[in-house]
Amino acid sequence: MILMPRVRGSASSFIHGVDKRFGPLPYTATQEFPSHGFPAATPDMTGGPGFQGMAALMQFVERGGLLISLDNMTGILLEAGFFPDHQAVDAGGLFHPGSLVQAMVRADGHPLFHGYGEYPHIFRGNAPLMKPTKYKREQVLLQYGTQPLKEELPYEGEIWGAAAMETYEKANPKIGEKMPYVLSGMVRNEDKIIGHSAVSLSPMGKGRVLGFTFDPLHRFLNHHDAGMVWNALLHWDSL
């Protein structure tokens, strides 16, 4: 199991890291700066994992590993192809500074939510959004708000030729109780986020990628969200 916390930037900036032209750039304890080099030291902090490192990470998952990503790191992994059934969401106009908001568990009884009710509150700031394809919605474990996406609702209008069809496939979204989305703070254009994935679990080979589109470990402040990460660590082999 590997836990990847929130970092800034894009997939490109993560893969390549600090430009090697500026190296070697040490991060070690010195007489002048004895606090440097903690908790980890390196003689050169330039560069990143590179494409070989990303390939090794993907191989780890495909061989049965669990990869957990938080906040913007989920967007980076999405961009790098680690959520093959998902796509990025362009939520133009959404302004979501750090606020306490309403969420809804879609995977009832899932070990990730041991100790939580059906409608937990979570803390979310501005971060990338993603959604699975229409018929992979079962990969969404937790969603923002309590109402489904418009595209999940079954079409109720007339369908040419439908009278001659005995059955045809319909979506079956989970529709929760109507509750306010913002519990504390402020969100502008909240309709752009309600129904989208807060936590997704995506299979890849023999393994899985668990992606949070918020940071449940935000500055050690939102302890009510940290339990989800702890549950993932405890039940990594049964998610």
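## Helix H3

In helix H3, the buried residues are Asn-72, Met-73, Thr-74, Gly-75, Ile-76, Leu-77 and Leu-78; buried means under 20% relative accessible area, with exposed being over 50% and partly exposed in between (1.4 Å probe, protein chains only). Helices (H or I, at least four residues) and strands (E, at least two) are DSSP runs, numbered from the N terminus. Seven of the eight residues of H3 (residues 72–79) are buried, so the helix is largely enclosed by the rest of the structure. Just after H3 comes Gly-81, with a positive phi of about 95°.

## About the model

This is a predicted model, in which local features need pLDDT of at least 70 and side-chain atom pairs count only at pLDDT 80 or more, while totals for chains, interfaces and linings use all residues. Residues are numbered from 1 along each chain as its sequence is written, and side-chain values use heavy atoms, with hydrogens and water left out.

Let's turn to strand S4. Six of the seven residues of S4 (residues 99–105) are buried, so the rest of the structure largely encloses this strand.

Which strands pair with S4? Strands count as paired if DSSP finds at least two bridges between them. S4 runs antiparallel to strand S5 (residues 121–124), joined by four bridges, and Val-101 has Ile-122 as its bridge partner there. Three bridges link S4 with strand S7 (residues 140–144), also antiparallel; in S7, Leu-142 is the bridge partner of Val-105. With strand S8 (residues 182–184), S4 pairs in the antiparallel sense over two bridges, and Ser-184 of S8 stands opposite Leu-100.

## Nonpolar cores

A nonpolar core is a set of buried Ala, Val, Leu, Ile, Met, Phe, Trp, Tyr and Cys residues joined through side-chain atoms within 4.5 Å. The largest has 30 residues, and those with the most contacts inside it are Leu-112, Ile-122, Leu-142, Val-199, Leu-210, Phe-212 and Phe-214. At least two residues of this core come from each of strand S2 (66–70), S4, S7, strand S9 (197–204), strand S10 (207–212) and helix H4 (223–234). Apart from this core lies another, of 16 residues, including Ala-11, Val-61, Phe-82 and Met-204.

Contact means heavy atoms within 4.5 Å. Leaving aside neighbours within four places in sequence, Leu-112 is in contact with Leu-141, Val-199, Leu-210, Phe-212, Met-228, Asn-231, Ala-232 and Leu-239.

## His-218

Is His-218 buried or exposed? This residue lies in the loop between S10 and H4 and counts as buried because its relative accessibility is 11%. Beyond its neighbours within four places in sequence, His-218 is in contact with Arg-6 and Phe-123.
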